[in-house]
Amino acid sequence: MTKTYHVKSFGCQMNVYDGERMAELMEAQGMTASDKADADLVILNTCHIRERAAEKVYSEIGRLRREDGSKPMIAVAGCVAQAEGAEIAKRAPSVDVVVGPQAYHRLPELLREAQGGAKALDTDMPAISKFGALPKRGTQPRPTAFLTVQEGCDKFCTYCVVPYTRGAEISRPWGALIDEAKALVDGGAKEITLLGQNVNAWEAEDDKGRQQGLDGLIRALADIPGLARIRYTTSHPNDMSEGLIAAHGEVPELMPFLHLPVQSGSDRILKAMNRSHTSASYLKLLDRVRAVRPDIALSGDFIVGFPGETEEDFEATLELVRATRYAQAFSFKYSPRPGTPAADMDDQIAPEVMDERLQRLQAQLNQDQQAFNAASVGRRCEILLERKGRHPGQLIGKSPWLQSVVVSHPDAAIGDLMTVDLKEAGPNSLAGEAVMREAA
Ligand code: SAH
Ligand code: SF4
Ligand code: F3S
């Protein structure tokens, strides 16, 4: 039986969360974590969202062969496994197990099957959720934790593979989420980020049988003693309810940060993307959030070079960006994904055009991020210390607005909430000066 394991995650935060749950599952089998170079079992937890994702996986598989010609047991998990499971099994003979994102609770069984010599494949999307079959959350102390509350997507944006790799929208039940959050807090978490492909579409009955949306869940989590901060990602503009907007003005534990992808500023392109919002409805929504939480930091996702995107369409995106002044953002070149409607659309955009537009967009976004950071200088805020900095004695924490803040203080420790004055702003981080320590 294999004794040590290594999980490598390639994708979004939910992919990272799945990786953690797989690691806990392996621990529950009596295995221990180790480096990739000498683990008995390597789990490649893959992502399919853009090109080269699958290529990266194949090259990673190739590199797992060791100098003496041996290889670890290899399991390919995640969204590439879901989308191309059968092909991986064929193309990469050294892979022992292929398991999709909705089936990884079955990993121990699949590994046993594979030990018998046969390749084991499971990309089912069972009606019963994997969550009930996973071991309880581990108690590895960490100050920030992810918690998947919602999974899957029914939106079918025409460029996107997620509805196919993650399946239909499901909301995890109230009680399971409260319990998991409490376990994470008991394990040392002070901040929890609620995850979902459309996290703000989450809905379920609470313990008293009342229908709740994400804002209700956030309010209940805010009551857990010791949980200081709550974040959520990723939201869809169409699911930003009245209640959730209001929560931004009323729940102190809910951090003033909103990642709200818009993808494009051109209504023509938004329509072709099947986004079902317009650039004006998006901007209006941001105004409503800013009205209740004026200091909210906004973040977005953008795609340039969607099929048919003209210079004028792209200019509309730049205009929306300039109007919004994002604190940070992610921007991508459109990547045709097999099986999605946009991949078959006419008028695919030339790579040079995409490159040039991406550069212009990123120049604007970087400038806005710098400006946001510069405007934070002089603010006093709490940061949650998460990791060591580059230099001895330095620690890095996150501000409420999700900026990285570097501090040096003799008593500071990872996991502390520390009040700092924000002093100097760089492009990717700020320098902070400790004001006082959290009472122990
Ligand atoms: N559920 C989230 C995010 C899903 S994927 C949402 O709806 O916003 C994260 C981001 O990847 C998307 O917001 C989009 O900007 C980008 N993306 C998705 N598919 C893509 C594709 N085919 N090409 C380029 N970028 C893509
Ligand atoms: Fe993909 Fe659109 Fe669903 Fe987001 S909302 S996961 S971009 S289909
Ligand atoms: Fe990638 Fe799957 Fe997440 S495709 S972005 S790992 S949902």
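Arg 229, Arg 231 and Thr 233 point one way from strand β13, while Ile 230 and Tyr 232 point the other way. Buried here means under 20% relative accessible area, with exposed over 50% and partly exposed in between (1.4 Å probe, protein chains only). In a regular strand the side chains alternate between the two faces of the sheet. Five of the five residues of β13 (residues 229–233) are buried, so the strand is largely enclosed by the rest of the structure. Strands (E, at least two) and helices (H or I, at least four residues) are DSSP runs, numbered from the N terminus.

This is a predicted model: local features need pLDDT of at least 70, side-chain atom pairs count only at pLDDT 80 or more, and totals for chains, interfaces and linings use all residues. Residues are numbered from 1 along each chain as its sequence is written, chains are lettered from A and ligands numbered from 1 in the order in which they are written, and side-chain values use heavy atoms, leaving out hydrogens and water.

Which strand runs parallel to β13? Strand β10 (residues 191–195) does, joined to β13 by five bridges. Strands pair if DSSP finds at least two bridges between them. Glu 191 has Arg 229 as its bridge partner in β13.
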